[in-house]
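Morning, everyone. I have one chain to walk you through, so please look at the screen.

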Amino acid sequence: MIAAMIARLKSEIPDLGNRVQGAADLAALMQRGAVPSVTPAAFVLPLGIGAGKEDAMTGAYRQNIVRRYSVALCLTSRDRTGERTLDEAESLIEAIVAALVGWDGDSEAVGVLILIRASLIRFAEGVATYEIQFSIEDQLRGTS
């Protein structure tokens, strides 16, 4: 799903260019104490899986789950007040939401991506980072 989300953001939001990457790329930046050198940049991250009620029957197992993902959007502040950055952030957040909400990721998931929240999570070294969280309902299925 993460690779599909990255590809979708690259194709649907030209303003991001090819600056959409995964968790490993963000981890490498953080390990060096660095920020993206060119912005806007986005990083798609897995947030985890929430478990729901299971439905075990003879010979079969089914459990509802919710998969959660995050898009970390990084923007450089281009003016002293940060007003232009806020305008750019709002526009890009709306574009990210529009590109992902209602999309199933071309997967066999039960549901579609829904928006959980979007918020400013960090402002350091002239870079504002916004987190846009999504979830999608799915099921675990198997035989016992």
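Helices here are DSSP runs of H or I with at least four residues, strands are runs of E with at least two, and both are numbered from the N terminus. Two strands count as paired if DSSP finds at least two bridges between them.

A word on the source. This is a predicted model, with local features needing pLDDT of at least 70, side-chain atom pairs counting only at pLDDT 80 or more, and totals for chains, interfaces and linings using all residues. Residues are numbered from 1 along each chain as its sequence is written, and side-chain values use heavy atoms, with hydrogens and water left out.

Back to β5. Arginine 68 has serine 135 in β5 as its bridge partner. Leucine 115 has phenylalanine 134 in β5.

How many residues lie between β4 and β5 in their hairpin? Two. One to look at in that turn is glutamate 125, with a positive phi of about 55°. For background, most residues other than glycine have a negative phi.

Is β5 mostly covered or mostly open? Mostly covered: twelve of its 16 residues, 127-142, are buried. Buried means under 20% relative accessible area, exposed means over 50%, and partly exposed is in between, with a 1.4 Å probe and protein chains only.

Take serine 135, in strand β5. Serine 135 counts as buried because its relative accessibility is 8%. What does serine 135 touch? Leaving out residues up to four places away in sequence, serine 135 touches Val66, Arg67 and Arg68, and also Val112, Leu113, Ile114 and Ile116. Contact means heavy atoms within 4.5 Å.

Now the charges. The chain has 14 positive and 18 negative side chains. Lys and Arg count as positive, Asp and Glu as negative, and His and the chain ends are not counted. The centres of the two sets lie 5 Å apart. Each charge is placed at NZ of Lys, CZ of Arg, CG of Asp or CD of Glu.

How many salt bridges does a search of the whole structure find? Two. The criterion is a side-chain nitrogen of Lys or Arg within 4 Å of a carboxyl oxygen of Asp or Glu.

Here is one of them. Aspartate 138 pairs with arginine 67, and their closest N and O atoms are 3.1 Å apart. Aspartate 138 sits in β5 and arginine 67 in β3, so this pair links distant parts of the chain, 71 residues apart. Aspartate 138 is buried, with a relative accessible area of 13%. Arginine 67, at 24%, counts as partly exposed.

And here is the other. Glutamate 131 meets arginine 117 at 3.6 Å, N to O. Glutamate 131 lies in β5 and arginine 117 in β4, so the pair ties together parts 14 residues apart in sequence. Glutamate 131 is buried, with a relative accessible area of 12%. Arginine 117 is partly exposed, at 41%.

Next, the peptide bonds. Which residues does a cis peptide bond join? Threonine 39 and proline 40, with omega about 5°. Proline 40 is in the loop between α2 (23-32) and β2 (41-57). In general, most peptide bonds are trans.

On to methionine 57, in strand β2. Methionine 57 is partly exposed, with a relative accessible area of 45%. Its C-alpha lies 9.1 Å from that of threonine 143, 86 residues away along the chain.

Then isoleucine 2, in helix α1, residues 2-12. At 24% relative accessibility, isoleucine 2 is partly exposed. Isoleucine 2 touches Val44, Leu45, Pro46 and Tyr69, not counting residues up to four places away in sequence.

Last, the whole chain. It has three helices and five strands. Their order along the sequence is α-β-α-β-β-α-β-β. The C-alpha atoms fill a box of roughly 65 × 30 × 25 Å along the principal axes. Of the 144 residues, 38% count as buried. Among contacts between residues at least 6 apart in sequence, 59% join residues at least 24 apart.
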